[in-house]
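I opened this notebook page to record what I looked up, one topic per entry. The structure comes first, and my notes follow.

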Amino acid sequence: MKKYSVFAIAREAMRGHKGWEEQWSSPEPKKEYDVIIVGAGGHGLATAYYLATVHGITNVAVLEKGWLGGGNTGRNTTIIRSNYLYDESAGIYDHALKLWDGLSQELNYNVMYSARGVMMLAHNVHDIQVLKRHVHANRLNGIDNEWLTPEQAKEFCPPLNISKDARYPVVGAALQRRGGTARHDAVAWGYARGASARGVHIIQNCEVTGVKRAANGAVMGVDTTRGFIGAKKVGVVAAGHSSVIMNMAGVRMPLESYPLQALVSEPVKPVVPCVVMSNTVHAYISQSDKGELVIGAGTDQYVSYSQTGGLHILQHTLDAICEMFPIFTRMKMLRSWGGIVDVTPDRSPILAKTPVPGLYVNCGWGTGGFKATPGSGHVFAHTIAKDDPHPINAPFTIERFRTGRLIDEAAAAAVAH
Amino acid sequence: MLLIRCPYCEEERPELEFRNAGEAHIARSANISGESDDDFEKFFFIRSNPKGIIYERWRHMHGCARFFNAVRDTVTDKFIMTYKAGEPKPSKLPGVAK
């Protein structure tokens with residue numbers, strides 16, 4: 001892997017940019033690997049990267065049915081934050097946030113992590129109570145979060161409407177300054193480049209069609225559209241399709257998959273300096289470095305794998321955006337899209353060993369997995385390498401739905417569902 | 001937006017009138033406190049989440065307000081049929097091979 005640097009740019013400029021190499025190779029699949037990761041999104045590629053760099057396991061294949069980073073990695077609204085209520089969630093999301101800081105240097109790839117602040121709005125007494133509870137809980141866990149008055153909120157985000165006449169007036173806000181955004185594609189590409197350079201095989205257009213198990217129940221490998229590939233350890237990181245893959249191994253999951261939509265506006269000059277979220281009116285917004293407003297909508301109400309969604313869901317979100325930011329009422333929206341998110345009953349992910357020996361699963365990130373990408377890959381690589389969870393992901397088992405030890409972010413989450 | 005046929009109103013109406021109520025044909029035990037942890041988990045948390053044909057419940061919230069069941073393809077979101085609550089799971093689906 002040739003290092004990217006200002007000198008590399010100068011060198012290539014001198015010779016007509018003929019020396020740039022492919023960022024990752026596309027080898028033919030081998031018959032057998034030590035570890036197979038199903039799904040080349042951010043989480044899967046990060047897992048492969050940390051298997052190689054932290055645990056020295058490089059005989060790894062990442063299988064992807066489509067193209068690398070073409071699922072939810074390339075479809076999310078790129079928001080990063082760690083202001084979750086419970087200790088377990090705070091542990092895993094802040095682990096990720098700490099890795100975001102410095103990730104560009106580690107990967108030698110600009111993931112454009114920008115700690116521009118995530119501000120969550122309160123519109124009524126209940127919101128104030130919930131958000132203040134989050135502020136206190138976060139601070140006890142060493143996570144920055146602070147309470148703002150409406151005037152302070154407007155100072156931090158000038159286009160915000162804090163008029164008392166608004167239908168849902170802003171009565172306060174919680175601000176996590178370390179929160180922000182990153183470039184989603186670059187995260188997948190950077191991890192892919194780093195993993196590939198260390199010998200990981202990234203195999204695109206290779207759909208897993210079955211999971212083979214030995215007589216003793218343990219995993220032997222996977223059937224794919226490019227033939228059988230053997231491995232004693234298989235990690236399923238397939239987002240909306242996780243339950244489909246797990247069914248192939250005979251494991252029924254506490255998951256349901258829903259379409260989640262997002263949309264972007266025409267590009268305009270810098271106007272939104274941070275991320276603004278509102279649970280109550282259900283919208284969140286930030287501005288990309290290209291100038292587009294990036295707006296996240298909610299999920300549809302029914303299970304679907306269609307990677308689209310209802311227009312009324314987008315309209316509902318835009319109603320809320322125009323309410324919070326009246327200056328955007330004349331903006332034109334350029335495009336919208338959907339991704340399929342896998343949601344657990346307690347809205348917390350599953351990163352764990354499974355009842356099948358050699359089969360591991362990293363799923364259930366629901367509507368908010370992007371922010372966790374580095375931390376998720378880091379602890380999932382540990383889980384696979386050691387056949388034992390990292391202390392950070394130890395609470396995120398499948399068995400919690402039997403024992404009742406839920407991590408119940410569902411009702412009190414800082415996240416819009 | 002989906003168009004959904006309510007089997008009670010016998011009309012196709014826009015999705016906004018309806019609320020999805022999750023997977024159908026999951027029977028609640030008559031003796032729920034006697035359920036084992038395994039069985040309760042299956043009843044309460046485990047879902048089939050199929051890529052393909054799903055049997056699901058809907059409620060005609062802003063219409064007759066009654067619950068009914070539907071068969072839908074989760075890849076195309078196309079409804080295959082709807083039927084009244086309490087009717088058995090259809091063994092044959094119109095227009096579906098297998």
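Before anything else I noted that domain bounds here come from an automatic or database domain assignment. On that basis, chain A is divided into domain 1 (25-82 + 84-109 + 184-254 + 346-412) and domain 2 (118-177 + 257-343). I am working with a predicted model, in which local features need pLDDT of at least 70, side-chain atom pairs count only at pLDDT 80 or more, and totals for chains, interfaces and linings use all residues. Residues are numbered from 1 along each chain as its sequence is written, while chains are lettered from A and ligands numbered from 1 in the order in which they are written.

Entry on the domains. Taken over C-alpha atoms, the centres of domain 1 of chain A and domain 2 of chain A are 28 Å apart. I looked up their contact (two residues count if their C-beta atoms, placed from the backbone, lie within 7 Å) and found 23 residues from domain 1 of chain A and 24 residues from domain 2 of chain A. Helices (H or I, at least four residues) and strands (E, at least two) are DSSP runs, numbered from the N terminus. On the side of domain 1 of chain A that touches domain 2 of chain A, the elements giving two or more residues are helix H3 (87-100) and helix H8 (242-248) of chain A, and H3(A) gives the most, with 3 residues.

Entry on the chains. I found 19 residues of chain A in contact with 19 residues of chain B. On the side of chain A that touches chain B, at least two residues each come from H8, strand S12 (256-267), helix H9 (311-324) and helix H11 (400-403) of chain A.

Entry on helix H7 of chain A. This helix, residues 184-197, has 14 residues and reaches 20 Å from its first C-alpha to its last, close to the 20 Å expected at 1.5 Å a residue; the expected span is 1.5 Å times one less than the number of residues. A residue is buried if 20 or more other C-beta atoms lie within 10 Å of its own, exposed if 12 or fewer, and partly exposed in between, with C-beta atoms placed from the backbone. Because 12 of the 14 residues of H7(A) are buried, the helix is largely enclosed by the rest of the structure. Among the buried residues are A:His184, A:Trp189 and A:Arg193, and the cover includes helix H2 (42-53), helix H4 (103-107), strand S8 (201-203) and helix H10 (373-386) of chain A. Just after H7(A), A:Gly199 takes a positive phi of about 105°.

In the loop between strand S7 (180-181) and H7 of chain A I looked up A:Arg183. Is A:Arg183 buried or partly exposed? With 19 other C-beta atoms within 10 Å, A:Arg183 is partly exposed. Leaving aside neighbours within four places in sequence, A:Arg183 is in contact with A:Thr78, A:Val111 and A:Met112.

Entry on the strands of chain B. Strands pair if DSSP finds at least two bridges between them. Strand S4 (residues 53-59) of chain B runs antiparallel to S5(B), joined by 7 bridges, and B:Tyr55 stands opposite B:Val71 in S5(B). S5(B) is also joined by 5 bridges to the antiparallel strand S6 (residues 79-84) of chain B, where B:Thr82 is the bridge partner of B:Ala70. Strand S5 (residues 67-73) of chain B is mostly covered, with 5 of its 7 residues buried.
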